[in-house]
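Work through the exercises below with the sequence and the structure at hand. Each task is followed by a solution in steps.

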Amino acid sequence: MNKIRKGDEVIVICGKDKGRKGIVQRRVDAEHVIVEGINQAKKHTKGNPMLGTVGGIINKDMPIHISNVALFNSATGKADKVGIKTLEDGRKVRFFKSNNELVPEIDFKTIKKVKNQNPATA
């Protein structure tokens, strides 16, 4: 079970973006994650009129090592360590080590429904 997952709110604990918060967009591999708005690099792109793309300089989110981020605990307002424990029914869950509260699970089905709704018709 991974301690940092897609959709978690994390805070950067070292590096050039230290102290900034963001949402994990995806895991690149076992040790790297891409966080929204963190560790950005400028990418120079060439325009292609056949495809209708415009050239220029765009900001691209680059992977960051998981040792450089920590899960953000909204109850304490700080970065927190995460542990894994097994409940009585056999499920493995993540919990914050500072206050032993369970990490809230993310329901991706409701997130997809909200993203797919057209604001013009809602």
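**Exercise 1.** Is Asp 17 buried or exposed, and which residue does Asp 17 meet in a salt bridge?

Step 1. Asp 17 has a relative accessible area of 10%. Buried means under 20% relative accessible area, exposed over 50%, and partly exposed in between (1.4 Å probe, protein chains only). Asp 17 is therefore buried.

Step 2. A salt bridge is a side-chain nitrogen of Lys or Arg within 4 Å of a carboxyl oxygen of Asp or Glu. The side chain of Asp 17 meets that of Arg 20 in this way, at 3.3 Å from N to O.

Step 3. Arg 20 has a relative accessible area of 41%, so Arg 20 is partly exposed.

A note on the model: it is predicted, so local features need pLDDT of at least 70 and side-chain atom pairs count only at pLDDT 80 or more, while totals for chains, interfaces and linings use all residues. Residues are numbered from 1 along each chain as its sequence is written, and side-chain values use heavy atoms, with hydrogens and water left out.

**Exercise 2.** Describe strand E10 and its pairing with E9.

Step 1. Of the 5 residues of E10 (residues 92-96), 4 are buried, so the strand is largely enclosed by the rest of the structure.

Step 2. Two strands pair if DSSP finds at least two bridges between them. E9 (residues 82-86) and E10 run antiparallel and are joined by 5 bridges. Gly 83 stands opposite Phe 95 in E10.

Step 3. The two strands form a hairpin with 5 residues between them, and Gly 90 in the turn has a positive phi of about 95°.

**Exercise 3.** In what order do the 6 strands of the open sheet stand, and which strands are at the edges?

Step 1. The order is E6-E3-E2-E1-E7-E8, with antiparallel pairing.

Step 2. Strand E6 (64-65) and strand E8 (78-80) stand at the edges; each has a single partner strand, so one side of each is left without a neighbour in the sheet.

Step 3. Inside the sheet, E1 and E2 (residues 21-27) pair over 3 bridges. Ile 11 stands opposite Lys 21 in E2.

**Exercise 4.** Which residues have the most contacts inside the largest nonpolar core?

Step 1. A nonpolar core is a set of buried Ala, Val, Leu, Ile, Met, Phe, Trp, Tyr and Cys residues joined through side-chain atoms within 4.5 Å.

Step 2. The largest has 13 residues, and Val 10, Val 33, Val 35, Ile 64 and Val 69 have the most contacts inside it.

Step 3. Strands E1 (9-12), E3 (32-35) and E7 (69-73) each supply at least two residues of this core.
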